[in-house]
Every structure is written in structure tokens, then in C-alpha cells.
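User: I would like to learn how to read aromatic ring pairs in a structure. Where do I start?

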Amino acid sequence: MGRDLDKERFSEAEFTRFGERLEEQLVVLRELLDEPGFGQGPTTIGAELELFLVDEAGRPLPRNSETRDALGDPRVVLELGRFNLEVNLTPRPLAGRPFEALGAEIQRTITRIDQAVEGGGVVPIGILPTLGTGDFTRQAISDENRYRALSRGIRRLRLEPFIVKIDDLELTVEDVILEAANTSWQVHLRTPPDRFARLFNAAQLAVGPVLAACGNSPFFLRRRLWEETRIALMEEAADDRDVGRRFRRDGRVTFGSDWVREGAYELFERYVRDYEPVVPQISDSDDKTELAELRLQQGTVWQWNRPVYDPADGGHLRIEMRALPAGPSSADGRQHGLPPGPHAVAGPAGPDRLPLRRGLPELLPRRHARLGGQTVLARLQG
């Protein structure tokens, strides 16, 4: 979903053709992954940082389009809400001092954006505490076809309102705009296909303890909820499972329900088999390795850790780690963005020893559960 679309409305025939393209491109992906040498190359790390625009009183400021245009920086793009921006940081070799370089780039870019915001500034924070219910209307959706199409596509599948229940908070919303309450620090790690399963499972194993250590989003709509309220809010705000889709185990935002056992292909296949398309734009590219429709489908399933296929440099895979909150400083981003190490393995707490659906929920930071390192390790080993 990183690029804008040609239009915002699609016919049922386009949804059907898009589904056919997905099946065709799964075959191509399998062939690419089986090619000797595919995706080999230096390990690199990159990141995306989502931000809130605020006025001088600290309230959300819906001026993302004007700020982006004033900057003229291709790394800065619009997010779902008119008060959100995203910065796509420069990928760097994992060898050397990549986190120091990323931190410096974050600081420079935030300073530039802050100076470009007319009548306010920019804040990196998981959930802006000053958000109110009046900030979540359809008019708050950014002025791009992709976000209007996303809204239509989700509402095509879910005929019921979205119901968000977190502790004593209960909201009923007609659109996906509540997603805009969440901003994240999303780390990308380039991964060779033969090591994908081990590294992905390591990221799945690490996400609970890391969230327990770095949660910074307890406040939403004047209530103190989970230590990292983004998790529950995002999962419920974009859940397309209405009464006709209760059979599916996972929503569109999920930690997943099983370990990866073979490789990235099984995740892409799951995204096609389990999730109906919401934005069926058909590509006119003649390059079959672009996998444009498959990449677009993957971009509308927001697993907290998910695979990315990128056709650049002959094609390669990345693991995108999406669960971490934005901010509150570039130093926090560097510390929280540490990827699985080069020798990460599934190990005794992986596919054969710890069911994923049992392991993750117990490790998530809730209001009354600040988990220390020893507690986390004890639960993993148990």
C-alpha cells in the first residue's frame, strides 16, 4: 500500500480478476524462491517511522498533504489519517554501525518536518494522548485514492460496524479511520530465503518481551488502558471478520497463529487463501517478477511480523517487524529496532515446543502486566 492507486472504486469483475492474478503469482513466487541464488546478497536493514502532526496545543493537526508538499522529500509520504506522515529511511548494511546512521537520519528528518509544519510540529509517539472521538471521521482520511479504496474495500467485506472493546472502553465506528490512532516504528531486515523461517520465528519469539520493555501507548480517549494499547486497537479497528467470516482464525491485523515451518511462501499463500482482496488494482506491467498484485495483497494484511517481497536487485525477501511503537526519541528507535541476530534459530521454543497462540498473548504488555525479563523467559521455557 505504499503507492497511490489509479482510482478508488472497483467492479466485482476486477475483484475476480485480481484473485486470479494472485493465484498465478503464487506460482511465480514459488519458482523464484526455488531458483539457485535468488535473494542472496548483503544483509541490510531499513525502517519506516510514522508520525503525528500536532498544533501548538498538542492536538492532532490535519495538514499532512500540505506538509509533504512543502518538504518535497520522496522519503516522506502520507499515512491513513490527515494528521499522520510516514518517513521511509534509507536501507543500510547491517554490518558496521547501521543504528547510529538510522538514528542520525531520523533526527535530521524530524527536524526538517517540524520546521515545515505550518502552525505546529511533529511528534513520534505510539498514540497521541490528545486524540478525541471527533478526530475519527471519514473526512479525516488522507486525500489519496489508496486510502479511500481501502476504506471501501474493508466495508465491502464487513457489513457490520467496527466494534472496539479494550478494558472499559467500547467504541462503534463505521470506518477504518481508527487505524490512524496508531503510529509505529517498522524495521525491515533483508533475509535470504534459506534462513527466512528461522529468522521469522526468532522475530515472533522476541516480539512479546520487546513490547513488554518498550510500550509507550497507555492512553487513548482520556483512558489509561494497556501499556501498549496500539496492539488491541489496531487489531480490532481493521478486523474484517463480520458474522460471515468467524471461521477465520486471524484478523487482518494479527501476530499469527502458527510458526513458519518451511519459508516465506507459506505466509504469502496464507494471505491469498485466507484473506479476500480489498484493493484489486490490476497492474499493466509485463514483468512477471514484479508480482504487483501479490505485493498489494500482502500490503493489506497487517501481520505484526510479516514477509515482504521486493523485486529490486533481482528480487529479495525481507522481514518487516511492525509491532513497535513510534518514538518517543530516535535513541528509543535504535534500541527497540534490534533485529534477530545472525545465528537466530527456532530452537526449543519454536515450532516443535511452544504453540504460537499460547506463547504470544501471555507476553503482551497489558495495563496490569509489566513483564520483567525473568518472567518472560520463565514463560517461554514453560
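**Aromatic pairs**

Analyst: By the rule used here, there are seven aromatic pairs. Rings of Phe, Tyr and Trp (its six-membered ring) pair if their centres lie within 6.5 Å; planes under 30 degrees apart are stacked, over 60 edge-to-face, and the rest tilted. The model is predicted, so local features need pLDDT of at least 70 and side-chain atom pairs pLDDT 80 or more, while totals for chains, interfaces and linings use all residues. Residues are numbered from 1 along each chain as its sequence is written, and side-chain values use heavy atoms, without hydrogens and water.

User: What describes a pair of aromatic rings?

Analyst: The distance of the centres and the angle of the planes. Phe52 and Phe83 are stacked, at 6.1 Å centre to centre with 15 degrees between the planes. Phe52 is in strand β1 (residues 44-55) and Phe83 in the loop between β2 (76-78) and β3 (84-88), so this pair ties together parts 31 residues apart in sequence. Strands (E, at least two residues) and helices (H or I, at least four) are DSSP runs, numbered from the N terminus.

User: Are Phe52 and Phe83 buried or exposed?

Analyst: Both are buried, meaning under 20% relative accessible area, with exposed over 50% and partly exposed in between (1.4 Å probe, protein chains only).

User: Which pair lies in helix α5?

Analyst: Phe196 and Phe200, four residues apart, about one turn of the helix (residues 196-214). Their rings are stacked, 5.5 Å centre to centre and 20 degrees between the planes. Phe196 and Phe200 are buried.

User: Which residues do ring pairs link into a cluster?

Analyst: Phe268, Tyr271 and Tyr275.
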